[in-house]
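Hi there,

Here is the structure I promised to pass on to you. Have a look at it first, and then read on for what turned up in it.

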Amino acid sequence: MGSSVSLAAAPPPPVAPPPALPVGLAQVLPQKAEEKGDGKAAPEKVDWLDLPCPVPYEELQREALMSLKPELFEGLRFDFMKMLNQRFALSHSVYMGSMEVPSQSSDVIKVPSSHYEFGANFLDPKLMLIGRVLTDGRMNARVKCDLTDNLALKIHAQLTNEPHFSQGMFQFDYKGKDYRSQFQIGNNAFYGANYIQSVSPHLSLGGEIFWIGHQRKSGVGFAGRYNTDKMVATAQVASTGIVGLSYVQKVSEKVSLASDFMYNQMSRDVTSTFGYDYILRQCRLRGKIDTNGVVGALLEERLNMGVTLLLSAEIDHGKKDYKFGFGLTVGE
């Protein structure tokens with residue numbers, strides 16, 4: 001019929017283009033396979049003029065010490081802290097246990113010991129004051145003052161009733177862009193200095209020197225630290241004959257394994273220690289064992305908000321020395 005229209009002769013309708021993606025969404029969507037290249041990740045470029053700042057020299061082994069040197073104690077311990085305001089707090093601590101006394105024999109001799117400790121803390125972003133007074137006559141004080149954004153002053157003091165046993169130390173810490181330095185001066189004509197420098201994104205090297213004028217002794221030490229997201233390895237050597245190595249492996253966010261090796265050339269003493277640090281939702285368990293046969297563990301269990309139970313144990317079968325402790329920490 002003349003009025004009919006042939007569908008075969010009609011041109012196909014135009015295809016609408018796909019809608020444009022928003023700019024923000026286009027940036028986060030993965031690229032196509034042909035736009036990714038050969039699939040190999042490009043090597044990370046290192047900016048040698050923008051290296052990270054290393055940890056302080058005296059804290060090179062801080063991850064290993066958390067597992068290998070837990071704060072073990074013997075007897076009963078009770079700690080209470082009260083926050084008076086955002087910057088000022090008071091603390092009370094009671095300890096009842098025993099202490100070891102020097103002996104000519106290999107046997108361990110202990111005598112009962114107890115004390116009460118009163119503390120006051122002042123915490124400010126640029127000033128920290130911590131003081132402790134014990135019933136046995138000892139007094140401890142710590143001061144940290146940020147003189148500038150890069151320079152800090154630290155003061156450590158311990159006063160006792162016994163003559164020639166009081167100690168004092170002044171430290172000046174300077175934090176650079178990729179290095180740290182420290183100068184120390186203390187009683188007995190003690191002078192010391194250390195410096196640590198980042199030489200790569202994961203490696204830092206440093207050294208220290210000290211002089212004790214009262215004893216006419218001096219020493220030089222060198223150290224290195226290599227750390228990644230999963231491990232930390234350190235090495236230290238000093239002219240006093242001390243060689244120390246440590247290694248920490250972060251198995252997961254909650255589990256860490258640590259080991260260290262210590263050699264003393266003067267006494268020909270060699271000790272290796274293995275430890276662990278296990279953090280759970282309500283508790284933290286740390287333990288260690290060394291080549292001398294000493295086994296220790298510390299459990300910190302959070303019973304409630306601001307209440308923590310402490311259980312400590314250390315066994316030395318060689319010296320027949322057994323230490324068990326029970327503690328409770330209460331604080332806001």
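How many residues lie between β8 and β9 in their hairpin, and which residue in the turn has a positive phi? There are 3 residues between the two strands, and asparagine 188 is the one with the positive phi, about 60°. I will come back to that turn below.

First, some ground rules. This is a predicted model, in which local features need pLDDT of at least 70 and side-chain atom pairs count only at pLDDT 80 or more, while totals for chains, interfaces and linings use all residues. Residues are numbered from 1 along each chain as its sequence is written, and side-chain values use heavy atoms, with hydrogens and water left out.

**The chain as a whole**

The protein chain has 2 helices and 19 strands; these are DSSP runs numbered from the N terminus, with helices being H or I of at least four residues and strands E of at least two. Of its 332 residues, 25% are buried. Here buried means under 20% relative accessible area, exposed means over 50%, and partly exposed is in between, with a 1.4 Å probe and protein chains only. The chain exposes about 22,500 Å², and carbon and sulfur atoms supply 62% of that area. Accessible areas come from the Shrake-Rupley method with a 1.4 Å probe, and for residues only the protein chains shown count as cover. Among contacts (heavy atoms within 4.5 Å) between residues at least 6 apart in sequence, 29% join residues at least 24 apart.

Strand β8 (residues 179-186) runs antiparallel to strand β9 (residues 190-198), and 8 bridges join them. Strands are said to pair if DSSP finds at least two bridges between them. Arginine 180 has isoleucine 196 in β9 as its bridge partner. On to the next strand: β9 is joined by 9 bridges to β10 (residues 203-212), again antiparallel, and a hairpin of 4 residues links β9 to β10. In this pair, asparagine 194 stands opposite glutamate 208 in β10.

Now back to asparagine 188, in the loop between β8 and β9. Most residues other than glycine have a negative phi. Asparagine 188 is not a glycine, yet its phi is positive, near 60°. Its relative accessible area is 45%, so it is classed as partly exposed. Arginine 216 also has a positive phi, about 55°, without being a glycine. Arginine 216 sits in the loop between β10 and β11 (217-227), and it counts as exposed because its relative accessible area is 65%.

Leu76, Phe78, Phe80, Val94, Met96, Tyr116, Phe118, Leu311 and Phe326 make a nonpolar surface patch of about 720 Å². Patches are built from residues with over 30% relative accessible area and no salt bridge, joining like charges within 9 Å and nonpolar side chains (Val, Leu, Ile, Met, Phe, Trp, Tyr) within 5 Å. A salt bridge is a side-chain nitrogen of Lys or Arg within 4 Å of a carboxyl oxygen of Asp or Glu. At least two patch residues come from each of β1 (75-83), β2 (88-101) and β3 (109-124), and β1 gives the most, with 3. Tyrosine 116, in strand β3, is partly exposed because its relative accessible area is 31%.

β1 and β19 (residues 321-331) run parallel, over 7 bridges. β19 also pairs with β18 (residues 307-316), this time antiparallel and over 10 bridges. In the hairpin of β18 and β19, with 4 residues between the strands, lysine 320 has a positive phi near 55°.

**Aspartate 277**

Aspartate 277 counts as buried because its relative accessibility is 7%. Its side chain makes a polar contact of 2.6 Å with the side chain of arginine 284. A polar contact is a pair of N or O atoms within 3.5 Å; within protein, one must be able to donate a hydrogen and the other to accept it, and residues adjacent in sequence count only if both atoms are side-chain atoms. Leaving aside neighbours within four places in sequence, aspartate 277 is in contact with residues including Met66, Lys254 and Arg286.

Enjoy exploring it!
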